[in-house]
Amino acid sequence: MFYARQLYWLFVGLLPMLTSAALGDEYAQARQRLVEDIQQDVRDTSLYLDKQALDLRVMTAISSVPRHEFVPAAQRAYAYENRPVPIGYGQTISQPYIVALMSDLIKPRAGDRVLELGTGSGYQAAILAELTSEVYSIEIIEELGKQAAGTLSSLGYDNITLRIGDGYYGWEEHAPFDAIVVTAAASHVPPPLVAQLKPGGRMVIPVGSRFLTQQLVLIEKQADGQLVTRQILPVKFVPLTGGHN
Amino acid sequence: MCRSPGDTIKPQRLPLLSVALVSATALAYEVLLMRLFSIIQWHHFAYMIISLALLGYGISGTFLTLLQGPLLRRFSTSYIINLALFGITATGCFLFAQQIPFNAEELLWDKRQIVWLLSTYLLLTVPFFFAANAIGLALIYYRSRLPRIYAADLLGAGLGSIGILVLLFVVMPLQALTLLGLLGVGAALLAVWELQQKKAIIWLLPLVLGLLLLPDNWRTLQISPYKGLEQTLLLSDSRIIAQRSSPLGLLTVVESPTIPLRHAPGLSLNATTEPPAQLAVFTDGDGLSVISHYQGDRQTLAHFDQLTSALPYHLLPVKRALILGAGGGGDVLQAVYHDTAVIDAVELNQQFARLVSTDYADFAGHIYQAPGVTLHVSEARSFASRSPGDYDLIQVSLLDSFSASASGQHALSENHIYTIEALAEFMQQLARGGYLSITRWIKLPPRDTLKLFATAIAALRTSGVTAPGQQLILIRGWQTATLLIKNSRISQEEIDRLREFCAARSFDVAYYPGIKRDESNRVNRLRESWFYDAASALLGDDPDRFLHDYKFNLTPASDEQPYFFHFFKWRTLPEILQLRERGGAPLANTGYLVLVATLVQAIIASLLLVLLPIWIYRQRIKPKTRSVPGSRVVGYFLLLGMAFLFIEIAFIHKLLLFLHHPLYAVAVVLSSFLVFSGLGSAWLGHMQAKGRTGDGRRLLFRAVVAIVVLGTLYLLALGNLPEQLTTLPDAARILISISLIAPLAFCMGMPFPLGLSRLAEYAPDLIPWAWAINGCASVISAILATLLAIHLGFSTVIAAALVLYALVLWVFPVPRQKWTEVSRY
């Protein structure tokens, strides 16, 4: 177990460098620092995540997707800071730590079919495309959807299908989904989305504002169709002190 | 050095009308800016921006200290120019300020936001600076008749405080902005007439025309793109179909025909029905409420049965329900769905009520005219105290938005619904076996739901219940929690129904009498059974220890300290700061921290504004004026500035419940204090003209004694007004309030002009400095009063004000040799 963990850190540490060498990417160093930041954040919140590290595949995806391509030119300097960045239309590209956490929570597998509601910049869709075989993404704001489609296409993501429209009814033609990622806070979980989630599937929803995610809600559909949620704080914070149980 | 009053040749007419008009406009502008910034930004940042902008009054004092000589030599011109500049900048500075790309949410990440914030303060300081210059110049120039100028200032402010409330009902906020700009220039035109400076009209008229002909695209509110209204307007084909303005907020109705709006917070994951078509109603560009489409088919309302708030309808047959905070009518529809025969719906905001009952009544299915439904436009506490009672259910609606609530934006807002006294009063209106039901957003770690639970326990104990745990139920979904308080013991049959209700909807039971811990965290799983653990601790042997140990403030709110949303504890701050960039920032209850940050900035800025003139003054000082110690000037005008605002603010709160409406409270209290203080000052001017005030010490002593005696009497009486008085008609209660305030305010109008008159006699060049001190004190005291009220209660604010008034007797600004005589009083 000890060696496995050592190997993990070694591998994750080397990943950005390997990627950098392969792509000759000028942003590689920044991306490496970002990966390290996320790893540190995960260690700090391990109590709530029940793990010391996120799925290696998720970290690989973070280290390989060129986040600067999804950020407006004026904000590019902040592309690899572990912070949300405005992308226009009152939307943001989420904090990388939150993107990593949400991607990890759905436990993505290579053959999965994933639905994303709220394409935004397309960055989360790109991460999901690195982790699964099919990504279906719906964006409600036409201009954003077109921009994201252009970015994803230029980066060669051919396993992402993007649609502009209302995501409330999910995407019936491609349902059921192994996982659903809702990238914007919602007043409730649309019943059609619950129906389009496979038994054993997972849905993740952030709660909070555009700039500050306060908690993540993970909905798990059990094999018998029963629904269970987990509310996850992205920070290590214990409100109760002392023995009040 | 300016000439003394005796040897200055002055125009015949005092510019009383222009002083009153600029004062009225400046006060109205202050209120309007709060409205405008609450719309384009968020309320708590609006509070900070406007508070600091008011330091323009302090800056003006510094400016006049430095340049009073040349300005007074050309008084008429200086006065008129400052008035005109106030009018122009009042409109212009806001229009520029809203172009600044300040985004409060990015403060954590983007240091440029601090620059934008400072730029906003500075820009908005400008109009107040010019208004204060004009009034300050008039006070100095006419120092021999100073009380009359000050009286005009106060009377004007009193009229302005009422005028802006009326204006906000009549026109949209941006139109009000143009109007106030015109009134500012109008004050300059009045001054032209008063001071007989007809030539000035030549350059004033183009300013009026300029304000009237501002391009339309300049006169558009630039609302933050992160607010709900702007986000909704991005939806294809969505559009604003109506707007209603009032001091309570700007209501914006939006329809989205292509992509339907579907707002149903807390809907069960098991729900198979979706909400019907909706119209969105935003208050100040955020705080979404909805009007649901209803055509009489109750099955279209089925989703209302899938909310945590539907629980009481499953525990008992609800024949009579009272809905407090009816808003768009969601809770009324829920009651209709559950076949409730009599529904009293109470809504504070008349415009909101009218949207549902009249303007969009067809869309809403005439829900407020349905058989058994009665709409009451009233404040909730007021209605409950006068209602026929005997309700099976009293439902307190979930009206605030999650984001506003979760980020602590309401921390500064008084709330009289979630207090111990309020819950106890509501329970008295229940029929035997009835339920009071309150739904709140779930925040993690838990805060308001637990505070509400603690408040319910305290209310039950206040009502004489010895085992409150037998009368409480708490359930939660992943988004909302509903607390039920029964006015008798909960039966086993009800517990069985409760379990059934939660199981069918994937809700968790957090507390009921006899619950086991392992029942409490099954479906919506938290790291620990926080809700159950907290409920058990609050009902256990040592709730105080739990309240002390918990990292947020869960001490129940009371009418004396009605700050339910104040959850902040200083000792938690270091931990939150460490976590700020990983989602910890919202835990910091930003509203409270913004208040503290505002106070710190105001004190630092004030020290600079007050100390800088002292230093300059000492460089120029002359033996004659040195006779009044600077410490006495600082003490006197600082104490007065703070005490006046303390009393004003505390009385607004103290009379709020008596007057039954926050707008009545603000309008009646603020205008009464200002108008009667103005009359006090005018009376003083009259006495001075007759030479019957002596050197003012005896009069000051009498005024202060009267203030302290009356203040103490009110302090003891206001919390215990007889019930017969509280049930009188509105007009009678308003008259009683004015009668109570009048003598106190009349006396409060004298100390400031008395002090300035003495300065005029012994150290006239210190008058602008005193003006600066008073301006800074007013800013600091408004913030400090809120902080004191949060921590110690409003009675303490009044008591502190009375002590401050008493202390002014020791620092009356007279020369040293006169001081021993003063101390005799």
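Trainee: What share of the contacts in chain B with a separation of 6 or more comes from residues 24 or more positions apart?
Mentor: In this predicted model, such residues account for 78% of those contacts in chain B, where a contact requires C-beta atoms within 7 Å.

Trainee: Why does the radius of gyration of chain B agree with that of a compact globule?
Mentor: A compact globule of 825 residues would have a radius near 28 Å, and chain B has 29 Å, so the two agree. Along the principal axes, the C-alpha atoms fill a box of roughly 90 × 60 × 55 Å.

Trainee: What makes strand E4 of chain B mostly covered?
Mentor: A residue is buried if 20 or more other C-beta atoms lie within 10 Å of its own, and seven of the seven residues in E4(B), residues 286-292, are buried.

Trainee: How do you know that E3(B) and E4(B) pair?
Mentor: Pairing needs at least two bridges, and five bridges join these strands, which run antiparallel; therefore they meet the requirement for a pair. Thr283(B), for instance, has Asp286(B) in E4(B) as its bridge partner, and in the hairpin, with two residues between the strands, Asp284(B) takes a positive phi near 50°.

Trainee: What kinds of residue make up the contact of H22(B) with H29(B)?
Mentor: The axes of these helices come within 7 Å and cross at roughly 40°, and the residues of their contact divide into 17 nonpolar, four polar and no charged.

Technical notes: Residues are numbered from 1 along each chain as its sequence is written. Chains are lettered from A and ligands numbered from 1 in the order in which they are written. This is a predicted model: local features need pLDDT of at least 70, side-chain atom pairs count only at pLDDT 80 or more; totals for chains, interfaces and linings use all residues. The radius of gyration is taken over C-alpha atoms; the globule rule is 2.2 Å times the number of residues to the power 0.38. Two residues are in contact if their C-beta atoms, placed from the backbone, lie within 7 Å. A residue is buried if 20 or more other C-beta atoms lie within 10 Å of its own, exposed if 12 or fewer, and partly exposed in between; C-beta atoms are placed from the backbone. Helices (H or I, at least four residues) and strands (E, at least two) are DSSP runs, numbered from the N terminus. Axes are lines fitted to C-alpha atoms, for helices over the stretch in contact, and angles run from 0 to 180 degrees between N-to-C directions. Ala, Val, Leu, Ile, Met, Phe, Trp, Tyr, Cys and Pro count as nonpolar, Asp, Glu, Lys and Arg as charged, and the others, Gly among them, as polar.
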